[in-house]
Amino acid sequence: MQRAYLLLVAIAVFVGCWLAPIDAPAREQVNDGLKRALTTFAAARALGAVVSVAQGTQVDATPGGVGVSFAPGQALKPLNELIEQFAAIMLAASVSFGIQLMLLSIGAHELMSYLVCGVALVWIAARWRRGHAPRWLQSALIGLLLVRFAVPLSAMANEGVYRVFMAGEYQMALSGIEKSPAAVVDATQEAPSAQGEGWKERIERWLPKLPNLKATYDQILQSASDWAERIVKLIALFVLQTIVLPLAFLFIAWRLARAAVRGPAAAQASA
């Protein structure tokens with residue numbers, strides 16, 4: 001039974017390395033995740049830009065230091081800080097996907113396939129002749145199996161979870177974030193001042209609008225509660241995709257590789 005199991009392991013390693021590589025589909029799916037992260041990062045930066053402009057809005061009609069001067073846009077400062085943190089997290093998610101692409105390139109290298117097959121053959125030979133293999137050889141084989149197969153399998157499983165459970169939430173949240181800059185611009189856009197406009201004309205132009213300015217920025221802050229909810233959903237989604245799920249799948253892959261390398265001999269020893 002043990003020899004049949006060793007032959008099965010040899011066939012599985014050879015087929016996985018040379019005949020049915022999973023690196024190409026895994027790379028494609030990681031690229032999809034990277035594009036989503038970069039798209040979300042760009043949307044966050046666009047929203048942050050218009051909110052920063054709105055935050056810097058200042059009413060200034062102070063000839064000789066006398067008149068009206070205040071900055072109603074400062075009410076948007078907490079929202080702007082939230083968007084900046086959101087953009088930073090999206091950049092970190094993009095970097096995480098980039099690291100996965102680099103690990104895929106390492107694991108898919110031809111030298112790695114030769115190394116995995118070579119160590120697997122030495123391990124099989126030792127098990128075939130002695131019934132067991134040295135502990136260091138088992139550890140080396142487990143590590144090589146993880147480098148060669150764990151990252152692409154984890155990437156494919158991660159993308160599968162996203163498409164089944166998260167794709168709809170992502171599209172809805174991103175759509176709301178992408179439409180938000182236009183809402184800020186529409187709420188804060190003012191007619192340009194006329195060339196050579198004096199302080200008297202400037203005050204006359206601003207005074208009728210002063211009662212509405214607070215309402216304008218209050219309206220933006222009310223809309224921001226919806227933006228914050230969408231931002232939190234997107235952050236949770238990318239944390240799952242770049243930290244929680246990869247670590248969970250890598251742990252599962254490690255347990256499976258460990259069980260495969262120990263094989264029937266461990267079961268017989270414990271029996």
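This is a predicted model: local features need pLDDT of at least 70, side-chain atom pairs count only at pLDDT 80 or more; totals for chains, interfaces and linings use all residues.
Reader: What elements make up the chain?
Author: The chain has seven helices and two strands. From the N terminus on, the order is α-α-β-β-α-α-α-α-α.

Reader: How many of the chain's residues count as buried?
Author: The chain has 271 residues, and 38% of them count as buried.

Reader: What makes Arg148 and Asp23 a salt bridge?
Author: Their closest N and O atoms are 3.1 Å apart. The cut-off is 4 Å, between a side-chain nitrogen of Lys or Arg and a carboxyl oxygen of Asp or Glu. The pair therefore counts as a salt bridge. It links distant parts of the chain: Arg148 is in helix α5 (residues 135-188), Asp23 is in helix α2 (residues 23-55), and 125 residues separate them.

Reader: Why is Arg148 called buried?
Author: Buried means under 20% relative accessible area. Arg148 has 1%, so Arg148 counts as buried.

Reader: And Asp23: buried or exposed?
Author: Asp23 has a relative accessible area of 11%. The limit is 20%. Asp23 is therefore buried.

Reader: How do you know that Asp32 and Arg163 form a salt bridge?
Author: The closest N and O atoms of Asp32 and Arg163 are 3.4 Å apart. That value is within 4 Å, so the pair qualifies.

Reader: What does Arg36 pair with?
Author: Arg36 forms a salt bridge with Glu159, and the closest N and O atoms are 3.1 Å apart. Arg36 is in helix α2 and Glu159 in helix α5, 123 residues apart. Both Arg36 and Glu159 are buried.

Reader: What makes Asp32, Arg36, Glu159 and Arg163 one network?
Author: Salt bridges that share partners join these four residues. Over the chain, the count comes to six salt bridges.

Reader: How does the span of helix α1 compare with the expected one?
Author: Helix α1 (residues 2-19) has 18 residues. From first C-alpha to last, helix α1 reaches 25 Å.

Reader: Why do the buried residues of α1 line one face?
Author: The buried residues are Gln2, Leu6, Val9, Val13, Gly16 and Cys17. Seen down the axis of α1, they fall within an arc of 100 degrees, so they line one face of the helix.

Reader: Which residues lie nearest the centre of the largest pocket?
Author: Leu145, Phe149, Leu153, Leu256 and Ala257 do, out of 22 lining residues. The volume of the largest pocket is about 460 Å³.

Reader: Which helix gives the most to the lining of the largest pocket?
Author: α5 does, with eight residues. Helices α1, α4 (110-130), α5 and α7 (210-270) each supply at least two.

Reader: What classes of residue does the lining of the largest pocket have?
Author: The lining has 21 nonpolar residues, one polar residue and no charged ones.

Notes: Residues are numbered from 1 along each chain as its sequence is written. Side-chain values use heavy atoms; hydrogens and water are left out. Helices (H or I, at least four residues) and strands (E, at least two) are DSSP runs, numbered from the N terminus. Buried means under 20% relative accessible area, exposed over 50%, partly exposed in between (1.4 Å probe, protein chains only). The expected span of a helix is 1.5 Å times one less than its number of residues. The arc is that of the directions from the helix axis to the C-beta atoms. On a 1 Å grid over the protein atoms alone, a cavity is a set of points where a 1.4 Å probe fits but cannot get out, and a pocket is an open set with protein on both sides within 12 Å along at least five of seven lines; lining residues have an atom within 4 Å of a point. Grid points are joined across faces, edges and corners, and a volume is the space filled by probe spheres set on the points. Ala, Val, Leu, Ile, Met, Phe, Trp, Tyr, Cys and Pro count as nonpolar, Asp, Glu, Lys and Arg as charged, and the others, Gly among them, as polar.
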